[in-house]
Structures are given as structure tokens and as C-alpha cells.
Amino acid sequence: MSNDDPEYSKAEQPENVSSEGLGHQEVEQTTPLAVEVPRHELIMELLPEAQLHLNAIRKWTQFFAVLGYVAIAIFLIAGVVIFAVITELGNINGIEPEVIGVIYFLMAALYIYPVAKLLEFSGRMKKSLGFVDAQMLNAAFKSLRQHFAYVGWLTVGLIVLYFLIFIGAMVGAVGAGFGG
């Protein structure tokens, strides 16, 4: 609410503050700007500009979700090709092709959940903006939170894995240096 809003009454303003200086002066004692209500009853109004921003975000998340599904398909196709074709060729630099194929399948499996949550966010956000549905908006943000929580934990796990691989490589290099 702004100070120019006709619904913004003098009773809602903090004491000792004029409309012109609201929020710009230090106030010794203030009264609440709004009546406190239980958290689950709190209602927030989205401005039209915020709705436009959310719609733009929705479009981008849908775009990235589609790209994610394309990447998953490429990982699966690469895994199948490696199993079917390259397995016949034998070892590649000492690595079995089956191991590489399994890595591609694992990468595809790891990406399914966050991509699905991103697409779910996009669809729910579209419905919430179209029907002005607060419950659907809440569900959309829940999907987005789940997406980023998964990506965050996956990132932490990969950093730990890279660190362990680095330590293993260093130990292997030192051991090879002493062995021969």
C-alpha cells in the first residue's frame, strides 16, 4: 500500500509520522501498520507489474524445462549408442564402454526430477496467474522450492564427489611415484 492509496487511512499510519515522511524518519514509538493475523490467513496482493514478471519467469522456466527434457533424451540416446555400438570396439583408454553408458543413464536419471519440477512450476504459475488462484500460486512456488533444493543438494554432492576424486587421484599419483 502506498501513502497515496485512498484505502490507506490515518489510523494505519505509525504515530509521529506524517504521510510525506513515512519510513524516512526515525520514530520513537509506532503502532502497527496492519492488524496482525495468523500466518495462514495473511493475504498479499500482487501488483500488475509483479504478475508480468512472474509470467516472464514462467515462460523462461518452461523453456529451460523443455531444454532439460531434450538433454535427458540426448543422454539416454548416447547411453544406448555407447552400449550398442561402442561396446563392440572394446576399451576406450582403459575404460569399459559399459561404464560410460551407465554414467549417461545416471545423468539422465538425475535430471528427471528437477526438470519435472521446473515444468510443474511453469504450468502451475500459468494457472495461478490466469485464474488468480492463491492456492495454485502457493503450489507453484512449492515446486520451484523443490527444484532448487534438489539442484542445491545435487551440487553439494557433486562438489564432494569431485573433491574425493581429486584426493584419490593425488593419492594414486603419489603411490605411483613411489612405486616405480
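The structure holds two salt bridges, a salt bridge being a side-chain nitrogen of Lys or Arg within 4 Å of a carboxyl oxygen of Asp or Glu. Before going to them, note that this is a predicted model, in which local features need pLDDT of at least 70 and side-chain atom pairs count only at pLDDT 80 or more, whereas totals for chains, interfaces and linings use all residues. Residues are numbered from 1 along each chain as its sequence is written, and side-chain values use heavy atoms, with hydrogens and water left out.

**The whole chain**

Start with a cartoon of the protein, which has three helices and zero strands and reads α-α-α along the sequence; helices (H or I, at least four residues) and strands (E, at least two) are DSSP runs numbered from the N terminus. Of the 180 residues, 18% count as buried, where buried means under 20% relative accessible area, exposed over 50%, and partly exposed in between, with a 1.4 Å probe and protein chains only. The accessible surface comes to about 13,700 Å², and 67% of that area belongs to carbon and sulfur atoms; accessible areas come from the Shrake-Rupley method with a 1.4 Å probe, and for residues only the protein chains shown count as cover. Among contacts with a separation of 6 or more, 47% are between residues 24 or more positions apart, a contact meaning heavy atoms within 4.5 Å.

**Helix 1**

Select residues 48-84, which form helix 1: its 37 residues reach 54 Å from the first C-alpha to the last, close to the 54 Å expected at 1.5 Å a residue, the expected span being 1.5 Å times one less than the number of residues. Buried positions here are Leu54, Arg58, Thr61, Ala65, Gly68, Ile72, Phe75, Gly79 and Ile82. Isoleucine 82, in helix 1, counts as buried because its relative accessibility is 9%.

**Helix 2**

Glycine 101 is one of the buried residues of helix 2, so the next selection is residues 97-131, whose 35 residues should span 51 Å at 1.5 Å a residue, in agreement with the 51 Å between the end C-alpha atoms. Centre the view on isoleucine 112, where helix 2 bends by about 30° and where a proline, proline 114, follows within four residues; the bend at a residue is the angle between axes fitted to the seven residues ending there and the seven starting there. Other buried residues of helix 2 include Pro97, Ala108, Leu118 and Phe121.

Now show the side chains of the salt bridges. Glutamate 120 pairs with lysine 117, with the closest N and O atoms 3.1 Å apart, and these two residues of helix 2 are three positions apart, about one turn of the helix. Lysine 117 is buried, with a relative accessible area of 14%, while glutamate 120 counts as partly exposed at 27%. Arginine 124 and glutamate 120 meet in a salt bridge with an N to O distance of 3.4 Å; being four residues apart in helix 2, they are separated by about one helical turn. Salt bridges that share partners join Lys117, Glu120 and Arg124 into one network. An α-helix has 3.6 residues a turn, so residues three or four places apart point the same way.

Move on to methionine 125, also in helix 2, which counts as buried at 0% relative accessibility. Leaving aside residues up to four places away in sequence, methionine 125 touches Leu54, Arg58, Leu137, Ala140 and Phe141.

**The loop and helix 3**

Valine 132 follows helix 2 and is found in the loop between helix 2 and helix 3. Its phi is positive, about 50°, although valine 132 is not a glycine. Most residues other than glycine have a negative phi. Valine 132 is exposed, with a relative accessible area of 70%.

Finish on helix 3, residues 134-179, where phenylalanine 166 is found.
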